[in-house]
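Reader: I'd like to go through the strands of this one. Can you put it up?

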Amino acid sequence: MENQTQTKSILARSSPRIKRTAVDAADSGHPSTSGLRNHQNPNEQSQKRQKYTMPENRTIMKCYYKSEPQRCGYQKRMHQLWKQEYPDSQITEPRLADQRRFIIRNKVFSEVELEEIQKICKVDYHQTTAQTAAETPATLGMVEQIEPEESVALLQEFEEPALETSVEPPGTLTARQQELKDKIMAHAAANAIRQRLPTLKTVPKRHLAPLMKDVNAALSTVQITSIEQTNQFAYSAAVIVTEELGLLQPRQPQRKSTGKPKWKVRLELKIKKLRSDASNLKNMKERKLKNDKIKQYLIRKYWLNTRKIEEALEIVKEQITATARKIERYEARIIQYRQNQLFQSDQRRFYQSLNQTTDTVTIKPEKTATTKFWKELWENNKNYNKNAGWIKEFEGKFSQNKMELMEITTEMISKRVQKVKNWTSPGSDQLHGFWLKHLISLHGKMAQQFNEMLQKGSISEWLTTGRTYLIQKDPAKGAAPGNYRPITCLPTMFKLLTGIIADRIQDYLEEKNILPDEQKGNKRKSRGTKDQLLIDKMILENRKANLHMTWIDYKKAFDSLPHSWIIKCLDAIGICKTVGTFIENMMEHWKTELFVGNESYGLVNIRRGIFQGDSLSPLLFIIAMIPLSTILQKTNLGYQISKNSHKISHLMYMDDLKLYGKTETEIQSLTNTVRIFSTDINMEFGLDKCSTVALKKGKIIESEGINMPNGQTKAYKYLGILQLDNIKHEHVKTVVSKEYTQRVRKILKSKLNGGNTIKAINTWAMPVIRYTSGIINWT
């Protein structure tokens with residue numbers, strides 16, 4: 001009797017993870033004898049695991065969909081439906097639920113099959129409802145009152161496939177989920193100073209997925225009323241998950257580095273001792289060793305009573321060589337491990353480490369001068385010229401276009417968050433994109449709170465505060481404050497919100513065909529600079545008449561664009577008032593903290609220019625440059641390939657502008673038009689990067705801004721390609737080939753394994769050549 005009880009308990013605990021197959025299955029309408037037999041012989045049954053046929057699995061899924069799993073107690077209802085089909089079955093409620101999870105997890109049925117089963121259940125449900133209504137007409141009124149509440153909810157369940165990652169309904173937390181909720185609430189209430197959390201790149205999904213599911217279930221029951229609380233609970237959940245995985249360890253006080261690891265110190269001492277022995281053996285051979293103790297030590301250690309000194313000396317030399325090679329081998333293995341780990345976690349940092357040289361010295365800019373430079377640039381608010389005549393013409397062109405009111409939905413949050421990179425540097429909230437992507441229980445709350453901000457036109461100040469890192473452009477120009485590019489790390493929630501707004505504006509611009517064809521920056525279904533270079537190559541190689549060209553580059557274009565002009569352009573192209581007002585109020589609160597390395601240079605308000613760190617800012621810049629393309633198109637000037645072809649007056653990629661004209665008068669007119677536009681919106685040319693060239697019958701007759709002191713003309717680098725009267729194919733091929741070879745050599749000299757080496761060549765070396773394909777004549 002005891003054996004029977006024990007056997008039964010073991011059978012009940014059989015793991016659902018073990019794959020079951022149907023062997024010699026019975027007919028499709030009934031369970032197999034091996035799957036649903038009664039307990040005939042406990043000893044015999046303990047040796048065989050339950051097996052389920054495909055019809056049985058299909059019946060299990062039907063019972064699940066009919067049991068209304070959104071309501072509590074669905075396992076009991078599911079088991080009752082199962083007993084109706086197979087009354088002799090001895091399967092318990094937990095085992096039936098385990099098999100259902102096994103079917104979903106191991107994809108026993110495809111999504112199409114599951115959808116078909118759901119439709120069948122849906123039809124059966126309607127038939128059952130209709131029969132019940134016909135049999136009991138007296139209760140029809142009661143049924144009609146209940147249907148809107150319960151039937152609609154059930155139909156929604158049938159329309160949406162059941163997912164294993166779904167969040168449990170509020171109020172049904174398990175003990176584990178309640179424990180996680182208590183920890184998250186306690187951490188959020190403490191409101192401690194935030195620190196950068198470690199990444200979870202190396203954590204197996206089988207460990208992370210169930211933990212994230214429990215955390216989502218816990219967060220779904222938390223009452224959240226503001227975006228600040230949402231951000232705090234998201235960060236607290238991230239901290240608790242990291243702690244549960246054992247990755248968040250308290251910071252240990254840094255020990256003073258000895259400079260060398262212990263193993264290396266030990267081996268170097270061994271080499272030093274062996275060299276001393278070799279020197280003593282040599283002196284002993286030449287009869288110069290007078291110390292009797294050392295002689296006796298050498299005789300005992302190297303068996304000099306039965307071995308010649310010359311033989312012992314050779315042994316010592318071999319030991320020295322072997323130990324030195326061991327050190328080299330250990331060091332190479334450490335470098336190999338570190339390089340492969342760095343490559344797997346952060347390829348950009350790995351490539352930067354390959355480019356670094358030992359003689360490179362990083363010089364930081366002077367703090368006071370740097371802060372003053374950026375404050376004068378960003379805090380000096382400027383307005384556009386409201387009396388400019390071309391502004392009214394620009395407003396009239398798009399006066400009929402109006403963007404519909406924008407409402408952010410949970411689906412928009414879920415779709416946009418998939419574009420957020422998991423582990424890029426976070427902003428001041430220290431919240432990586434990974435957490436917003438996987439804390440799906442917060443998506444509905446964020447959608448509601450984002451909509452409230454749009455309707456009110458207000459935004460919390462912490463969302464618009466960034467951390468700007470100054471990156472040196474050209475080391476040859478030194479530590480001048482203007483020789484640094486500001487890259488801003490913004491709060492992840494701010495980037496998510498602005499990304500959703502940018503997507504909606506981009507859809508509107510494409511729908512109304514507002515973006516000019518000449519601008520290829522931040523444009524969907526476009527290859528960007530590659531498209532512009534192909535058009536430029538066509539013009540240069542197919543010119544049959546005179547051609548005048550001017551290259552224009554703006555001085556600090558992204559950092560000097562007036563906010564008032566951005567708002568004016570948004571209103572002119574028909575952006576809805578709620579979005580326009582929100583962007584205007586948002587820009588009023590823009591501020592950032594300057595950093596050079598890890599050193600803070602102070603807080604700066606941004607009253608002019610845009611961020612360089614989110615999706616919306618580059619789109620705002622492009623919108624602000626739409627009027628320039630409009631007025632250049634209206635001049636009806638430019639270069640024509642043939643009589644019936646379209647005139648090309650200019651090409652733009654963000655702020656890089658190239659003008660084309662047939663005559664000197666045309667190019668001067670186009671240049672003056674650009675100058676007037678730039679002056680009216682308070683932007684300046686970078687004269688050191690502006691150039692012009694005139695071609696007459698294919699020969700250069702005039703070249704301004706690109707003359708060298710010795711009288712020879714040099715080429716202008718347009719979008720990375722050197723050109724003048726034509727593309728400098730040979731020069732570009734030489735430069736590109738040299739750069740490609742250098743990168744390949746650096747990769748091959750590294751300690752990357754085979755797979756990482758091929759990947760590094762494809763992602764770091766090949767793009768150098770790939771960018772020039774179609775532009776440069778390689779053959």
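Author: Strand 1 (residues 465-472) and strand 4 (residues 591-596) run parallel and are joined by 5 bridges. Strands here are DSSP runs of E, at least two residues, and helices are runs of H or I, at least four, numbered from the N terminus. Two strands pair if DSSP finds at least two bridges between them.

Reader: Which residue in strand 4 is the bridge partner of arginine 467?

Author: Glutamate 593. Bear in mind that this is a predicted model: local features need pLDDT of at least 70, side-chain atom pairs count only at pLDDT 80 or more, and totals for chains, interfaces and linings use all residues. Residues are numbered from 1 along each chain as its sequence is written, and side-chain values use heavy atoms, without hydrogens and water.

Reader: What order do the strands of the open sheet take?

Author: The order is 2-1-4-5, with mixed pairing. Strand 2 (484-489) and strand 5 (599-605) are the edges, each pairing on one side only.

Reader: Which helix packs on that sheet?

Author: Helix 16 (residues 367-378), which touches strands 1, 2, 4 and 5 (contact means heavy atoms within 4.5 Å).

Reader: New topic. How many residues of strand 7 are buried?

Author: In strand 7 (residues 656-661), 5 of 6 are buried, meaning under 20% relative accessible area with a 1.4 Å probe, protein chains only; exposed is over 50%, partly exposed in between.

Reader: What does strand 6 form with strand 7?

Author: A hairpin, with 2 residues between the strands. Methionine 654 in the turn has a positive phi of about 55°. Strand 6 (residues 650-653) runs antiparallel to strand 7, with 4 bridges.

Key
Axes are lines fitted to C-alpha atoms, for helices over the stretch in contact, and angles run from 0 to 180 degrees between N-to-C directions.
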